[in-house]
Amino acid sequence: MKEALFLKSVLHEKIWGGTHLKEFGYDLPSDKVGEYWAISAHPHGVSIVKNGTYAQMPLDKLYAEHRELFGNRTESVFPLLTKILDANDWLSVQVHPDDAYGQKHEGELGKTECWYIISAKPGAEIVYGHTAKTRVQLAEMIHAGAWDELLTKVPVKAGEFYHVPSGTMHAIGAGIVILETQQSSDTTYRVYDFDRRDAQGNLRELHIQQSIDVLTIPGDQLPDNKVTVETFDGAELSTLVKSDFFDVFKWVITKNHAFKKIADYTLVSVLDGSGQLDIDGQVVSIKKGDHFILPSPVESWKITGQLEMIASQPK
Ligand code: ZN
């Protein structure tokens, strides 16, 4: 089956959500949409195949029953999850466990994630890392609510990339739209939620002890986020990160580019522009807001047009 698997997916409303995801062509049920789980086999929101041989099949079922499309890999669950997030307000300050802690305490994978900043309003910031040098100091500062001293804030702008390994203190700030590539996990330990209340007047649950257990010490050990760029006649291809869990790339097509498969399968999200995807002479249109998987039988493909895309591959 030499065809791309285009996906339709699930929107999630959040107290910090907004309306920016409309710009990707999605029909929003409210003005508080925070996340589009674009490529997901996670039970909290599974993508469905839109086209071709496997039309209407959920991605988790496809992965379970047609492992040949995914290089006959042995991971028991589809390991990656791609989301677009619209942060109209600060997300909670949070941390995710690694696989060992996640499996032991939550029965699912830990979560390493990474962010490509699609847009950011002037002055937008993220929390990325913290200032505590020891676990004792970390616990003291959390219990004292010394957030201004503890949390490291970083200004961000469109086009930047941040790798967020499990254990990293992090939060996405107001006015930021990101493409997130992550391990397929929904385990979040909330450290601080700005004392916000939801529509029913309730505070959201915090997970202070788990956070103190899993936060990286010292908190300023962060990836260098160094991007390497290769320029071709009709494209510019960047390697954003090669991590233990996934490799992530940015593909900017200015005219066209012929790709050869380098991993068992590839997840692709179109962030801007439009063009054509050509697999052995079968041509389909692609545009901003589309998400698809190039499964294992697809050995090569050509993309034509003016497009900006994020691609990811499992390790
Ligand atoms: Zn997170």
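Does R196 count as buried or exposed, and at what relative accessibility? At 14% relative accessibility, R196 counts as buried, where buried means under 20% relative accessible area, exposed over 50% and partly exposed in between, using a 1.4 Å probe and protein chains only. Before going on, a word on the model: it is predicted, so local features need pLDDT of at least 70 and side-chain atom pairs count only at pLDDT 80 or more, while totals for chains, interfaces and linings use all residues. Residues are numbered from 1 along each chain as its sequence is written, and side-chain values use heavy atoms, with hydrogens and water left out.

Back to R196. You'll find R196 in the loop between β15 and α5; helices (H or I, at least four residues) and strands (E, at least two) are DSSP runs, numbered from the N terminus. Its side chain makes a polar contact of 2.8 Å with the side chain of D193. A polar contact here is a pair of N or O atoms within 3.5 Å; within protein, one must be able to donate a hydrogen and the other to accept it, and residues adjacent in sequence count only if both atoms are side-chain atoms. Not counting residues up to four places away in sequence, R196 also touches residues including W16, D89, W90 and R204, with contact meaning heavy atoms within 4.5 Å.

K83 is another charged residue to look at. It sits in strand β7 (residues 80-87) and is buried, with a relative accessible area of 3%. Its side chain makes polar contacts with the side chains of E35 at 3.5 Å and Q182 at 3.3 Å.

Now for the metal. The zinc ion is coordinated by Q94 (OE1), H96 (NE2), E113 (OE) and H170 (NE2), at 2.1 to 2.5 Å. Donors are N, O and S atoms within 2.8 Å of the metal (3.2 Å for Na, K and Ca), and sites may look incomplete because water is not among the atoms. The 4 donor atoms subtend angles of 76 to 155 degrees, which makes the arrangement irregular; to count as tetrahedral, four donors would need all angles between 85 and 135 degrees. In sequence the donor residues are spaced Q-x1-H-x16-E-x56-H. The pair E113 in strand β9 (residues 113-120) and H170 in strand β13 (residues 170-172) links distant parts of the chain, 57 residues apart. Both E113 and H170 are buried.

Next, helix α3 (residues 135-144). Its buried residues are L138, A139, M141 and I142. Seen down the axis of α3, they fall within an arc of 165 degrees, so they line one face of the helix; the arc is that of the directions from the helix axis to the C-beta atoms. On the other side, V136, E140, H143 and A144 are exposed. The cover over the buried residues includes β10 (125-130), α4 (147-150), β15 (189-192) and α5 (208-214). After α3 comes G145, with a positive phi near 65 degrees.

Finally, the cores. A nonpolar core is a set of buried Ala, Val, Leu, Ile, Met, Phe, Trp, Tyr and Cys residues joined through side-chain atoms within 4.5 Å. The largest has 36 residues, and those with the most contacts inside it are I39, L59, L62, F70, F78, V248 and I293. Strand β3 (residues 33-39) gives the largest share of this core, 4 residues. Apart from it lies another core, of 22 residues, among them V127, W147, M169 and V191.

Note on methods. Tetrahedral: all angles 85-135°; square planar, octahedral: opposite > 155°, others 65-115°.
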